[in-house]
Amino acid sequence: MTGADDFVVLHVLRCIGFAGLPRVADAAGLPEAEVESQLIDLAVAGWVTRTPGEFGGWGLTEAGRAEDARRIAGELDATGARGAVTAAYDEFLVLNPELLDLCSAWQMRSVQGVAVPNDHSDPAYDARVLDRFAALDRRADGVCTDLSAALPRFRRYRVRLTAALDRARSGALEHLADSTTSYHAVWFQLHEDLLATLGLPRR
Amino acid sequence: MIHSLAAGAGLSADLIGGKAHGLVVLRRLGLPVPAGFVIDIRACRAFLRDERFPDGLDAELAAAVGDLAADRVSVRSGAAVSMPGMMDTVLDVDVTSELRAAVRAVLASWNTPRAVTYRELHGIPHDLGTAVIVQAMVFGDRDDRSGTGVAFSRDPNTGARTPFGDVLFGRRGDDVVSGRCTPSPLSELAEREPVAWGDLVAALQRIERHYCDACHVEFTVESGRLWLLQVRPGGGTGRAAVRVAVDLADEGLIDRRTAVGRISAQHLRSARTARIRAGFDVLARGQGACPGVATGRIAVTADRAARMAAGGPVILVRPVTSPLDMHGLAAAAGIVTSHGGPTSHAAVVARALGRPAVVAATELTVDADAGCVRAGGRVLPEGTVITIDGTGGEIVLGTAGTVTATGDQHLARLLDWADGISGDRSARPDEERLRAAHARL
C-alpha cells in the first residue's frame with residue numbers, strides 16, 4: 001500500500017472530488033481495471049469510500065484527505081520542488097482570470113447590451129472565443145511544462161487540457177466549459193491540485 | 001496631450017476616454033470631483049508604438065503636476081469604450097517619485113493578455129488605446145467618517161425610483177473591487193453621513209437630468225465630504241430597463257418615442273425571465289451568475305446537499321466552490337457563494353449545470369461546522385427554506401413567488417406607446433409590436 005500508483009489514485013480523488021471509475025481512470029491516466037483494484041485497496045485502508053446513489057461515486061474520507069496531505073508534504077520536501085511549484089502557481093494565477101473570462105464569454109454573450117446565454121448560433125463569435133482559448137492554452141503550456149519538470153505527476157494535465165480543446169475544436173462544444181471533462185473542469189482541478197500541493201486555502 | 005479636467009469641455013470621449021469625459025461633465029454640472037488632468041489617447045498610441053513616452057509628455061506631465069498642487073494622486077485608465085476591470089489602477093501615488101512609473105504601468109496594462117482577450121471578444125480595436133486620469137487622491141480610509149461605494153440612481157434590478165448600491169466604510173475603492181471586505185447597503189450612508197447622502201441624492205438627480213437617463217456613480221466620502229470618481233449613464237436590463245424608460249417619459253425627461261426607442265428586442269426577451277416577486281424578506285444580495293429562480297432547503301456542504309437532495313430541492317450555500325463540491329453542485333437546485341464573482345469557477349460551473357446561482361453574497365457567512373448560515377444578526381440552520389434569484393442576486397427567506405413579464409404594467413404601457421407609433425393595434429407578439437414601432441422612429 002505504499003506504491004507510487006496508489007498515491008496517484010488517492011491524489012486524483014483529492015483533486016477531482018466524487019467521481020465514477022471512468023473519470024478517476026481518465027484523470028489518473030491509468031487503465032480502469034488497475035485503478036479499480038487500487039481503489040479497493042485504498043478503501044480497505046479507510047482512505048476512500050464509495051457512496052451509492054445518483055450523486056455518489058468514489059471519494060476521499062477524512063482520513064484519506066489527511067493521508068494525501070501528509071504524502072504531498074513529504075513529496076514536496078523530498079523533491080525540493082516547492083520553489084518551482086510556487087513560481088508556476090503564480091503564473092497560473094495570471095492566466096486564471098482570463099480563462100474564467102473566456103469560459104463566461106463562451107456561456108454568455110452581450111447582445112444589445114443584455115447578457116444572454118450563448119446559443120452558439122453565431123459561428124464567427126464562437127470562432128473568436130475558440131481562438132483566444134487556443135492562445136491562452138499556448139501560454140498555459142509554460143506552466144504545464146514547469147510543473148511537470150518539478151513534479152512529473154502534473155504531466156497528465158497537459159494531456160487532458162489538450163484533449164478537451166481538441167474535442168471542442170472538432171465541434172463538441174460542451175468540452176470548453178460545460179462537461180465534467182471540459183477544459184474548465186480540468187483547469188479547475190489543476191487549480192485545486194496547486195492549492196493542495198502548496199497547502200494553501202482557496203480564496 | 002494633457003488636459004485639465006476643469007478645462008476639458010468640448011473634448012470628445014474618443015480623445016480623452018469615456019471616464020474622463022464623464023468627470024468633465026460632472027465638474028461642469030458643479031458636482032464634487034477631485035482636481036486632476038487626463039493624458040489623452042494619442043499619448044497611449046505613441047507609447048504603444050514606440051514603447052516609450054512620446055516627446056514632450058514628460059514636460060507636460062511636470063507642468064500639469066505643478067498646477068495640480070497635490071502630493072498624492074490616483075492614476076486610472078479610461079478608454080473610449082468601457083473595459084471594466086481589465087486595466088491597472090494605481091492608488092495613493094507619490095507625485096514626486098512614483099507618478100511616471102504609475103502612468104507607464106497603466107499605459108502598459110492596455111496590452112495584458114487578459115485585456116487583449118477582452119477586446120477580441122467585444123470587437124474593440126487593439127490600436128484604440130486608453131487615456132490615463134491623474135487626480136488628487138481622496139481617502140475613503142481616512143477615518144470612520146470616510147468610505148467608498150457605488151450608487152445607482154434607480155434600482156438596476158427593478159428600475160424602481162430609489163437610489164441603490166453599496167458602501168464600504170473606512171476603505172478605499174480597491175477594497176470594494178477585490179471583494180476582501182463586506183460592503184453595506186447604500187441606505188447606511190443616509191444614517192451615518194446624512195450630509196454626504198443628501199449631496200449624493202441631489203447629484204444623482206442632477207446627472208439624470210443631464211443625460212436624460214438613469215445613471216450610476218462611483219464615489220468616495222472623505223471625512224464626511226462627498227467626491228464623485230466616475231459616472232455612467234444607463235439603467236438595468238430587461239424589465240428594469242422598461243420601467244426606467246416609462247418612468248423617465250412620465251417624468252418628462254424623455255418623450256415616449258425616445259422611451260420606445262431605448263428598449264431593444266433583447267430587453268423584451270430578457271424581461272421574460274422569471275424573477276422573485278417583490279415584498280419578501282431579503283436576507284442578502286449578491287450578484288446574479290446564472291438566471292432563474294430556485295427554492296430549496298439550505299445545505300452548507302456538498303456531502304449534505306447530495307444526501308438531502310433525495311428529500312426535495314436543496315440550495316447549496318458555500319463560501320467558494322472547489323472540484324470537491326461538484327457532486328453537491330450537481331445535486332442542488334440552486335447555488336449561492338458568499339465570495340467570488342460572475343466569472344468565478346462557481347459561476348462557470350453553475351451555468352454549465354444550468355442552475356440558478358447567486359455569487360458574492362458578501363453578507364452571508366457559512367459555518368459548516370455549526371451547520372448554519374449567518375446573515376447579519378440572523379442564524380439560518382441547515383434545512384431552512386430560501387429562494388434565490390440568479391438574475392438580480394436576491395436571496396430571500398421562504399418560498400417566494402415569481403413574476404414574469406405578463407401583467408407588468410410598465411411593459412404594457414410601453415407596448416401601447418409602440419402601437420401608437422406604428423399605428424397598428426392588432427394582436428401579435430410583443431417583439432413584433434416593438435419592431436413595427438422602431439421601423440417608424
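Chain B is divided into domain 1 (2–136), domain 2 (147–233), domain 3 (238–271 + 406–440) and domain 4 (275–403), with bounds from an automatic or database domain assignment. This is a predicted model, where local features need pLDDT of at least 70 and side-chain atom pairs count only at pLDDT 80 or more, while totals for chains, interfaces and linings use all residues. Residues are numbered from 1 along each chain as its sequence is written, and chains are lettered from A and ligands numbered from 1 in the order in which they are written.

Reader: In chain B, where is confidence lowest?


Author: pLDDT is the predictor's confidence in each residue, from 0 to 100. The mean for chain B is 93, and 98% of its residues reach 70 or more. Strand β15 (residues 314–318) of chain B has the highest confidence, at 98, and the lowest, at a mean of 67, belongs to helix α6 (residues 173–178) of chain B.

Reader: Which element gives the most to the side of domain 1 of chain B that touches domain 2 of chain B?

Author: Contact here means that the C-beta atoms of two residues, placed from the backbone, lie within 7 Å. By that rule, 12 residues of domain 1 of chain B meet 13 residues of domain 2 of chain B. Both α1 (13–28) and β4 (89–94) of chain B supply at least two residues of the domain 1 side; helices (H or I, at least four residues) and strands (E, at least two) are DSSP runs, numbered from the N terminus. With 4 residues, the most comes from α1(B).

Reader: Which strands stand at the edges of the open sheet of 8 strands in chain B?

Author: The order in this sheet of chain B is β12-β22-β21-β14-β15-β16-β17-β13, with mixed pairing. Two strands pair if DSSP finds at least two bridges between them. Each edge strand has a single partner strand, so one side of it is left without a neighbour in the sheet; the two are β12 (282–285) and β13 (287–290) of chain B.

Reader: Where does the largest share of the side of chain A that touches chain B come from?

Author: Between the chains, 32 residues of chain A are in contact with 31 residues of chain B. Several elements of chain A each supply at least two residues, including α1 (4–16) and α6 (123–150). The largest share, 9 residues, comes from α5(A).
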